[in-house]
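Hi everyone, thanks for making time for this. I'd like to walk you through one structure, stopping at a few residues along the way. Here it is on the screen.

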Amino acid sequence: MTTVHEAAATATTSADLSVWPASTIEPLRGDLAVGGVPLAEIADRYGTPVHVFDEAEVRDRCRTYLDAFPDAEVLYAAKAFLCHAMARWIDEEGLGLDVWSADELELAATTGFPPDRIVLHGNAKSPRDLDTALRLGVGRIVIASPSEIARLAAAVGTDGHQKVMIRVVPGISAGGHEKIRTGTGDQQFGLSITDGYARHAIARILDQPQLQLTGLHCHLGSQTTSVKPYLVAVRRMVGLMARLYDQHGLVLPELDLGGGHGIAYRPGEKALDLTTLARRIRTELADACATAGLPVPRLIIEPGRAIAGPAGIALHRVLAVKRTDERVFVAVEGGMSDNPRPALCGVQYAPRLIGRHSTADRARVTVVGRHGEAGDVLAVDAELPGDIRPGDVLAVPVAGAYHVSMASGYNLIGRPPVVAVRDGLARLVVRRESQEDIDSGDVGL
């Protein structure tokens with residue numbers, strides 16, 4: 001016999017929750033709980049905006065990658081979101097870390113993250129980035145421009161040694177938006193295969209005995225939902241490996257295909273099929289290497305969004321509702337200062353009313369932030385109850401990647417806190433940026 005609680009918990013269909021963490025249930029009509037913690041309680045306790053991470057979801061997604069790519073090295077792309085708690089979860093699940101700055105490196109180091117499992121990227125690495133990487137002893141540094149070669153070799157010194165990779169542009173356009181496509185030659189990342197710059201840079205690296213070239217790296221773009229671009233990249237990268245073998249007798253043991261694995265932000269949207277991706281990449285890589293007469297290199301992949309994104313939820317309290325002849329605007333506490341993604345690359349979300357059960361008919365509304373920008377829009381044509389009103393709380397799923405990590409201090413509004421949930425417990429892992437924090441950096445006249 002089904003109890004009242006069980007009936008309420010199953011009132012929300014699986015389709016409605018398809019983009020929410022696996023632990024999500026509806027314990028009461030009109031409310032959701034994640035990790036055993038009601039989201040409305042989190043909004044009341046910590047204020048809004050507040051970002052919530054389901055620790056179990058993060059860990060499960062790490063394990064899914066390790067299961068899909070058992071012979072590969074999986075690096076979490078820290079730029080999606082990083083804090084001490086996230087670094088510890090990633091470390092405990094056995095993933096490596098892909099960082100872009102000295103500050104990300106230092107944060108990881110303070111958690112005890114093994115430096116040999118860290119890779120430093122960056123299209124314009126500062127002297128501090130390189131010095132920190134060498135001091136901490138990172139596993140590899142990815143060279144992305146010719147000018148880095150001499151700088152890095154000098155920093156390593158004649159008696160030093162550093163493993164490096166080189167970022168290659170394979171000439172493939174992939175990704176969900178033009179601003180997150182990085183696999184073509186007309187942008188600032190990496191060295192092109194087609195114009196010979198990559199091969200020239202590799203020759204220069206080989207002339208530096210303190211630099212050990214371990215492999216090639218490429219990143220096609222972000223929010224890629226098709227397997228095909230990755231297969232094309234495998235063929236082109238192995239083709240370059242074959243030319244390097246013919247020219248230098250060089251056999252590279254590693255191939256890094258980056259990340260950019262697309263996820264669904266709203267129910268019904270397409271996501272990259274990870275199982276299919278892993279199977280077809282392995283087959284393509286084995287076939288291409290057999291044709292070229294090369295041993296199969298160890299594969300490296302760098303998921304960020306696909307691990308952090310679906311594990312995060314943003315909570316916003318409604319501040320105002322404005323109705324015009326054509327549209328309904330729902331303004332919330334927060335906005336582009338804690339989620340710039342809609343303004344930057346058009347990401348669309350599916351916010352949901354929590355904290356009360358509404359029987360009103362659904363209406364299409366535009367959810368906007370509190371900042372003075374026409375582009376401060378969090379969701380267009382979002383379906384919410386027609387009686388939405390100030391004081392209500394909206395929960396936005398798939399908010400774990402590139403929200404807090406790209407948050408700003410626009411309008412001097414402090415960046416939001418981060419709360420981790422697991423097994424019915426909520427704990428603060430990043431506190432809200434306070435007015436005192438902001439004032440402490442302003443040294444005055």
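Let's start with His-219, which is buried, with a relative accessible area of 14%. Please keep in mind throughout that this is a predicted model. Where does His-219 sit? You'll find His-219 in the loop between strand S10 (211–217) and helix H9 (228–248).

Now, what lies around that side chain? A polar atom of the His-219 side chain is 3.3 Å from the backbone oxygen of Gly-221. There is also a backbone nitrogen to look at: that of Gly-259 lies 3.2 Å from a polar atom of the His-219 side chain. So that is a buried histidine, with a backbone oxygen from Gly-221 and a backbone nitrogen from Gly-259 to show for its side chain.

On to the charged pairs. How many salt bridges does a search of the whole structure find? The count is 23. I'll pick out a few of them.

Take Arg-298 and Glu-73, whose closest N and O atoms are 3.7 Å apart in a salt bridge. Are the two partners buried or exposed? Arg-298 counts as partly exposed, at 41% relative accessibility, while Glu-73 is buried, with a relative accessible area of 11%.

Next, Asp-91 and Arg-117 form a salt bridge, and here the closest N and O atoms are 3.1 Å apart. Asp-91 is in helix H4 (residues 84–92), and Arg-117 is in the loop between helix H5 (102–110) and strand S6 (118–120), so this pair ties together parts that are 26 residues apart in sequence. Asp-91 is partly exposed, with a relative accessible area of 22%, and Arg-117 also counts as partly exposed, at 22% relative accessibility. The cut-off for buried is under 20%, so at 22% Asp-91 does not count as buried.

One more pair: Glu-269 and Arg-266 meet through their side chains in a salt bridge, at 3.0 Å from N to O. Glu-269 is partly exposed, with a relative accessible area of 32%, and Arg-266 is partly exposed too, at 29%. Elsewhere, salt bridges with shared partners build one network out of Glu-55, Arg-59, Asp-60, Arg-63, Glu-92, Glu-93, Arg-422 and Asp-423.

Let me finish with the backbone. Most residues other than glycine have a negative phi, and most peptide bonds are trans. Which peptide bond is cis here? The one from Thr-48 to Pro-49 is, with omega near -5°. Pro-49 is placed in the loop between helix H2 (39–46) and strand S3 (50–54).

For positive phi, have a look at Val-398, where the angle is near 55° in a residue other than glycine. Val-398 is in the loop between strand S18 (393–397) and strand S19 (418–422). Leu-412 is found in the loop between S18 and S19 as well, and has a positive phi of about 55° although it is not a glycine. What about their surroundings? Val-398 counts as buried, at 1% relative accessibility, whereas Leu-412 is exposed, with a relative accessible area of 57%.

Conventions: Residues numbered from 1 in each chain as written. Predicted model: local features only at pLDDT ≥ 70, side-chain atom pairs only at ≥ 80, totals over all residues. Heavy atoms only, no water. Salt bridge = Lys/Arg side-chain N within 4 Å of Asp/Glu carboxyl O. Buried < 20%, exposed > 50% of the residue type's maximum accessible area, 1.4 Å probe, protein only. Helix = DSSP H or I, 4+ residues; strand = E, 2+ residues; numbered from the N terminus. Polar contact = N/O pair within 3.5 Å; in protein donor to acceptor, adjacent residues only side chain to side chain.
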